Amino acid sequence: MSYYFLAVVDVHDKESYRRYQQGVAPIIMPHCLKVHAITENVDAVEGEFPGSILVLFEFESAKVFRSWWDSDEYTELKKLRHAAGTTHLAIGFESTELPAF
């Protein structure tokens, strides 16, 4: 069952965030099944979108996600992300098979 990671970040320092993205790319790719979105183009159809970037990744499982999230390499990069902006939301969830409508 796929495991998804969704994050909403409000970037305050674009240069530092760009360095974060460059650092995270090589360490996430061995773990990440698919990048669904990394975008600044978000249309809040209800409520307010509190960030400037939305990220949606798909992993093979929660275990694979955790092997990346808890890795020493990513722990160091999180410090750069925290310095570059405010994370409003960072959640993980499994997909669910829905009955046909």
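Me: What makes E2 and strand E3 (residues 53–59) a pair?
Reply: This is a predicted model. In it, 6 bridges join E2 to E3. Pairing needs at least two bridges, so E2 and E3 count as paired. The two run antiparallel. Ile38 stands opposite Val55 in E3.

Me: Why are strand E2 (32–39) and strand E4 (85–94) called edges?
Reply: The open sheet has 4 strands in the order E2-E3-E1-E4, with antiparallel pairing. E2 and E4 each have a single partner strand, so one side of each is left without a neighbour in the sheet. Neighbouring strands are turned by 15° against each other on average, direction ignored.

Me: Why are helix H1 (residues 14–28) and helix H3 (residues 72–84) called roughly antiparallel?
Reply: Their axes cross at roughly 160°. Angles over 145 degrees count as roughly antiparallel, and therefore H1 and H3 are roughly antiparallel to each other. The axes come within 9 Å. The crossing is left-handed.

Me: Which residues of H1 and H3 meet?
Reply: From H1, Ser16, Tyr17, Arg19, Tyr20, Gly23, Val24 and Ile27 take part. From H3, Glu73, Tyr74, Leu77, Leu80, Arg81 and Ala84 do. By class, this contact has 8 nonpolar, 2 polar and 3 charged residues.

Me: Which strands do H1 and helix H2 (residues 62–69) lie across?
Reply: H1 lies across strand E1 (3–11), E2 and E3. H1 runs at about 5° to E3. H2 lies across E1 and E3, at about 35° to E1.

Note on methods
Residues numbered from 1 in each chain as written. Predicted model: local features only at pLDDT ≥ 70, side-chain atom pairs only at ≥ 80, totals over all residues. Heavy atoms only, no water. Axes fitted to C-alpha atoms, helices over the stretch in contact; angles between N-to-C directions. Parallel < 35°, antiparallel > 145°, perpendicular 65-115°, else oblique. Left-handed = near helix turned anticlockwise from the far one by under 90°. Contact = heavy atoms within 4.5 Å. Nonpolar A, V, L, I, M, F, W, Y, C, P; charged D, E, K, R; others polar.
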